[in-house]
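Please keep the structure in view while reading.

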Amino acid sequence: MPAAQRREQLITVGRELFAERGFDATSVEEVAARAKVSKPVVYEHFGGKEGLYAVVVDREVRTLLDRVTTALTAGHPRELLEQAALALLDYIDEEPHGFQVLVRNSPVLSESGNFSSVMGDVAHQVEHILGAEFKSRGLDPRYAALYSQALVGMVALVGQWWREERKPKKEIVAAHLVNLAWNGLSHLEAKPGLITRRVR
């Protein structure tokens, strides 16, 4: 197998094992055994378990941020909120191993690559959107950071819960998240729905 192909195989195997067992419980021996290679091959490509883990986490961080950034295309703030919530729920649904790697306790060496730091990056992007919206409504844009952390944190925690429950459908989950975030508790809609995606 060519070196580039072998590297990709080891990343895929590492991703699965880190998702299933976590960083501490995964060994180079297990990675090598599942990939049907010798331990030195893993060391040759990544220098050890830490190097492999760093590559896996970096890829997941980029994948999630790319999904969220790409999803934010609408002009209306409510639609942007829907798109961000759906992008995260889609990632959880379609990349369960990747999401599991990000939410598991990660070693100290990868502080910048855990789920909390990824959500911080997403919140920073949302802050810019909220800041512009606050200005247009005559609200103090200094509080955009606070609101963006609150919104992204809410979506992230609900996403972790939904990963285990798997019901209701993700579009319904997103609609209720947006209902709370957009309308607030005092103006909740009785039957919230999405503008950008219908329930299948």
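Helices (H or I, at least four residues) and strands (E, at least two) are taken here as DSSP runs, numbered from the N terminus. By this assignment the chain contains 9 helices and 0 strands, and its pattern along the sequence reads α-α-α-α-α-α-α-α-α. The model is a predicted one, in which local features need pLDDT of at least 70 and side-chain atom pairs count only at pLDDT 80 or more, while totals for chains, interfaces and linings use all residues. Residues are numbered from 1 along each chain as its sequence is written, and side-chain values use heavy atoms, with hydrogens and water left out.

Along the principal axes, the C-alpha atoms occupy a box of roughly 60 × 35 × 30 Å. Of the 200 residues, 44% are buried, where buried means under 20% relative accessible area, exposed over 50%, and partly exposed in between (1.4 Å probe, protein chains only). Among contacts (heavy atoms within 4.5 Å) with a separation of 6 or more, 64% involve residues 24 or more positions apart.

The accessible surface, calculated by the Shrake-Rupley method with a 1.4 Å probe, amounts to about 10700 Å², and carbon and sulfur atoms contribute 54% of it. The chain carries 25 positive and 26 negative charges, whose mean positions lie 4 Å apart; Lys and Arg count as positive and Asp and Glu as negative, without His and the chain ends. Each charge is placed at NZ of Lys, CZ of Arg, CG of Asp or CD of Glu.

A nonpolar surface patch is formed by Tyr-143, Leu-146 and Tyr-147, with about 340 Å² of accessible area together. Patch members have over 30% relative accessible area and no salt bridge, and nonpolar side chains (Val, Leu, Ile, Met, Phe, Trp, Tyr) are joined within 5 Å. A salt bridge is a side-chain nitrogen of Lys or Arg within 4 Å of a carboxyl oxygen of Asp or Glu. Leu-146 lies in helix H8 (residues 144-165) and is exposed, at a relative accessible area of 53%.

Some backbone features remain. Most residues other than glycine have a negative phi, and most peptide bonds are trans. Lys-36, however, has a positive phi of about 60 degrees. Lys-36 sits in the loop between helix H2 (28-35) and helix H3 (39-46) and is exposed, at 76% relative accessibility.

The loop between H8 and helix H9 (170-183) holds Pro-168, and the peptide bond from Lys-167 to Pro-168 is cis, with omega near 0 degrees. Arg-166 belongs to the loop between H8 and H9 as well. Its phi is positive, near 60 degrees, and Arg-166 is partly exposed, at 35% relative accessibility.

Methods:
Patches are made of residues with over 30% relative accessible area and no salt bridge: like charges are joined within 9 Å, nonpolar side chains (Val, Leu, Ile, Met, Phe, Trp, Tyr) within 5 Å.
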